[in-house]
Structure formats: C-alpha cells, structure tokens
Amino acid sequence: MAQPLIQAEVALLLKGKKSVFNLEIALTIEPGELLVVTGESGSGKTTLLRVLAGLEKKARGCIFSGTSIWQDSSKKIFVPPQKRKVGLVFQQYALFPNMTVRENLLYALPKGGSKKIITELMEVKGLTELADNYPPQLSGGQQQRVALARALIQKPSLLLLDEPLSALDFTMRSRLQTFLLDIHRQNQLTTVLVTHNEDEIRQLANRVICLKDGKISAEGIPNALFPIKQSTLKGLWMGMEKNRGKVKIGENEVSVSLLDHHFASPLLGEEVWIDFGAEGAFLQKNKGQ
Amino acid sequence: MNEPFWQTLLLTLQLATYTTLLLFLLGFPLAYWLAHTRSRWRRWIESLVSLPLVLPPTVIGFYLLLAFSPGNPFGRWLHEVFGIQFVFSFAGLVVGSLVYSLPFMVQPLQAGLEGLPSQLVEASYMLGKSRWQTLTRVILPNIRPSLWSGAILTFAHTVGEFGVVLMIGGNIPGQTRVASIAIFEEVESLHYAQAHQYAAILVVLSFLLLLAFYSLNQQHRQWRNR
C-alpha cells in the first residue's frame with residue numbers, strides 16, 4: 001500500500017503548575033521515510049508524537065495525511081486517534097496486562113479482519129512460543145516485539161515509536177534495531193522514531209530532526225548532524241562467522257560484533273570501514289558515509 | 001424461623017443488591033471524573049462524596065426524610081409529577097442507601113482508575129477501539145480488584161446500615177423492615193432469641209463477604225506477580 005505524505009504545522013501550549021511549555025513545529029514526513037526525532041528530555045519529542053497520533057486534543061494547527069485531513073483547527077476538524085490508522089508504540093509498551101500475547105494481538109485486529117495475520121505475525125516476529133504468556137511474564141525485549149507486532153496489525157499509514165529501545169540492554173537494543181529496520185524495509189512504512197541515542201540515529205534514520213524547547217533546532221541527514229567521533233579503520237571484508245564479521249586489516253584479521261547496517265552485506269574482499277563506537281562496531285562501505 | 005424472619009432477611013439482601021448495582025452505575029462515572037479531572041470543583045465533590053463516612057447516619061436520614069416528605073415542596077413535586085413517595089417506602093430505603101454507601105463504591109473505583117496507566121487507554125484508542133470497547137475490554141478488567149472492593153464493601157455496608165433506613169423507612173414489615181432494625185426491635189421487646197438469629201446471620205454474612213474480599217485481593221496480587 002502506498003504510504004501518504006504527512007504534513008503537519010502544529011502548536012500546543014501545555015501549562016504545568018510551575019512552567020509553561022510551547023510546542024511549535026512544522027514538518028513534512030516523506031512516504032516510506034524513517035524520520036528520527038531527537039532532543040533533550042523535555043524538548044517535546046513525545047508531545048510531537050502524541051499530537052500526530054491525535055492524543056493531544058488541545059493542539060492547534062493542521063495535519064494532513066496524503067489527501068485526508070487529520071486536523072485543521074481553523075475549520076474545527078479533528079480526526080480522533082481511532083480513525084487515523086496510526087500505530088504508536090509507547091516507551092513503556094502499554095501491553096494490556098489482562099490479555100495474553102495472542103489476545104493483545106487479537107484485540108488489535110480490525111473488525112472482520114482475518115486471524116491469519118496474527119498467526120503469521122507471531123511466527124515472523126518469533127512470538128509463537130509466547131502466545132499464551134501474559135505481558136508481565138515477558139522480558140523487555142519480548143514485550144517490545146509484541147508491542148511492535150500489535151501496532152502493525154491494523155496496517156498503519158504512519159508508525160510512531162517513542163523511545164522503544166531505551167529500556168533495553170545493549171545486546172537486546174542492537175537486535176531490536178535490526179528488527180525495526182526489517183519492519184521498515186519490508187513494509188516501506190513511514191516511521192517516526194523518537195530517541196536520544198546517537199548510535200540508533202546513525203543506524204536507523206533517513207533524516208533527523210532535533211528539538212529544543214518545543215521547536216526544531218536542526219534538521220538533516222544523520223551523519224551530518226551526528227558525525228562519528230570514534231576511530232575508523234579500513235579493511236577487507238572476509239565474511240560472517242558465528243554472527244561476527246571478519247575483517248582483514250593490514251596483515252591481521254579481526255572479528256567484530258557488528259550492529260546492523262543499511263546496505264546488503266559486502267562482497268568477499270570488498271573494502272569496508274569499521275567504526276568502533278561506544279557501543280560496538282558498525283560497518284560502512286565508504287569512510288564517513 | 002418464621003416467614004416474617006425470612007421476609008426481613010430477603011428484604012435486607014434485596015436492598016443491598018439494588019444499592020450495589022445502582023451505585024456501580026452511578027458511582028463509576030463519578031469516580032472516573034474524579035480520577036481524571038483537573039477541575040477546581042474536584043475537592044468540593046470529593047468532600048461531598050466522603051461526607052457519609054463521618055456524618056452520623058441519622059443526620060443523613062433526617063435530611064432525606066425532610067427532603068422527601070410530602071410537606072416539602074420537593075417531596076410533593078416528586079409525588080405529584082412522578083407518583084413517587086420515598087418516605088416510608090422501599091424505594092426511599094434504596095435512595096437513602098445510595099447516599100449513605102456512596103463513598104464505599106466511589107473511593108475504591110477512583111483509586112483503581114487513578115492507578116490505571118493512561119497509556120493503556122490511549123493504546124486501545126490507537127488500535128481503533130471505541131470508548132465502549134476500551135471501557136469493557138481494557139479499563140474494567142484491569143481495575144477488577146477495585147470493582148470487587150467497591151461492590152463488596154457497598155453490599156456489606158448496606159446490609160449493616162441502621163440509622164438512615166430507620167429515619168427514612170421506619171419499620172414496616174415486608175416493606176422497610178430490614179435485619180438491623182428487626183434486631184433493635186426484638187431486643188426492645190426482649191426477644192433475645194430472635195435477635196440472636198438475625199445478628200448471627202449478619203455476623204456470618206459480613207465475615208464471608210470480607211473473606212471473599214481479601215481472598216480476591218490476594219488472588220489478584222498473585223496474578224499480578226505471576
């Protein structure tokens with residue numbers, strides 16, 4: 001299904017007891033794009049997602065999804081979250097604790113939808129064995145996969161992910177980064193991901209916007225906004241072995257745990273660059289890509 | 001144990017059942033509003049809801065009696081327009097019990113709703129589910145212990161009420177004579193054996209209700225920690 005272009009120009013004033021927060025953002029999300037929203041805590045990242053999702057009724061402005069209008073305050077149009085077909089994965093997953101994994105997924109099935117999609121999704125996402133478990137019985141990573149699968153069932157036109165990997169350890173995070181990229185590639189799903197993890201930004205983003213005090217402070221491609229500061233080494237690709245990449249650097253062959261990368265595996269003997277970041281190594285075909 | 005005895009007990013249980021069911025329907029929206037509102041009226045409404053906890057039941061009964069009496073314009077209006085007479089009638093007992101037991105239903109429900117992460121409700125909306133579907137499939141099942149608390153405490157409290165029902169309902173066998181009033185009357189008439197029968201049944205019933213309440217609470221704790 002072709003994804004629509006999302007255009008938003010929104011403002012929201014949130015008054016707390018001690019402070020006032022003003023969100024003012026104009027942005028366009030290209031069809032099939034993976035847009036990362038980053039910024040310090042309290043900069044408005046989650047609020048922006050909530051506005052796009054339709055969970056902030058007090059927001060003013062316009063949001064268009066393709067030719068349909070989700071919101072136009074001047075015409076008093078507000079499409080409720082139920083009718084936007086937006087998938088939202090919350091930071092704390094928000095799985096229904098009274099339902100098993102299968103029931104959580106079944107609940108998301110639109111009226112008249114085929115239950116086959118649930119079985120398929122559970123197989124693809126490796127959830128079949130967990131089908132009869134309740135959310136509190138799952139690990140953080142498992143809950144995250146269920147939450148993602150649940151958000152995908154209604155085939156959303158926009159997927160919003162609110163720091164979905166922040167509560168996970170490094171290994172689980174890198175695994176789920178791959179999982180997210182796979183989902184994005186397979187469905188060509190327009191996705192907005194909120195994160196403040198620079199590695200995640202470089203791994204996942206097509207484009208990044210940085211927020212500060214509720215406004216866009218920077219926008220661009222990830223490596224321009226977040227240049228890699230860590231050491232980079234050139235080598236020759238020698239293939240994968242036991243989930244680790246082998247790279248010949250000079251006379252030596254090194255084996256490195258690789259985070260996922262955007263492109264297909266290099267050819268044997270092809271020149272590659274490895275960036276040794278704080279949380280592991282990742283591979284590039286060209287230096288500074 | 002004769003027929004009036006069972007009639008009185010049945011009336012007591014009927015009163016408690018009607019009160020519990022009606023109070024759930026009335027109390028849930030009120031508890032939901034209290035749990036989510038930022039209105040400055042909240043503290044006023046909360047204080048009003050809690051008033052029956054501290055007021056002598058006779059005070060509530062007294063004012064309800066005045067309000068509903070045919071000598072009062074409101075009571076007369078109810079009688080003339082709707083043909084309803086609350087004073088010395090079973091319907092009046094139900095109204096009195098609704099007021100008297102209000103905090104026992106509203107407070108547990110409010111606590112349950114306040115403890116429910118708002119993201120669960122929002123997640124349901126994001127999955128395209130209506131407010132009704134969200135209420136029945138997400139909200140109510142996840143505040144089950146509060147529902148049980150509200151229902152059991154309201155039921156038990158209504159079974160045990162005395163002052164309000166005496167003031168508003170009097171002591172008409174088969175209509176307004178409930179167990180707590182029957183005990184009082186039997187003692188006054190020195191019929192200790194009959195008083196014992198009522199009292200023992202109330203003790204056992206109340207104990208069983210509280211036992212059910214704590215068992216359900218324990219079960220829920222185990223379910224949550226599974």
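**Chain contacts and helix packing**

Analyst: In this predicted model, 17 residues of chain B are in contact with 19 residues of chain A, contact meaning that C-beta atoms, placed from the backbone, lie within 7 Å. Local features need pLDDT of at least 70 and side-chain atom pairs count only at pLDDT 80 or more, while totals for chains, interfaces and linings use all residues. Residues are numbered from 1 along each chain as its sequence is written, and chains are lettered from A and ligands numbered from 1 in the order in which they are written.

User: Which helix gives the most to the side of chain B that touches chain A?

Analyst: Helix H6 (118–126) and helix H7 (131–142) of chain B each supply at least two residues of that side, helices being DSSP runs (H or I, at least four residues) numbered from the N terminus. With six residues, the greatest contributor is H6(B).

User: Is H4(A) roughly parallel or roughly antiparallel to H5(A)?

Analyst: The axes of helix H4 (residues 140–153) and helix H5 (residues 170–187) of chain A come within 11 Å and cross at roughly 15 degrees, where axes are lines fitted to C-alpha atoms, for helices over the stretch in contact, and angles run from 0 to 180 degrees between N-to-C directions. Angles under 35 degrees count as roughly parallel and those over 145 as roughly antiparallel, with 65 to 115 roughly perpendicular and the rest oblique. The crossing angle therefore makes H4(A), relative to H5(A), roughly parallel.

Technical notes. Two residues are in contact if their C-beta atoms, placed from the backbone, lie within 7 Å.
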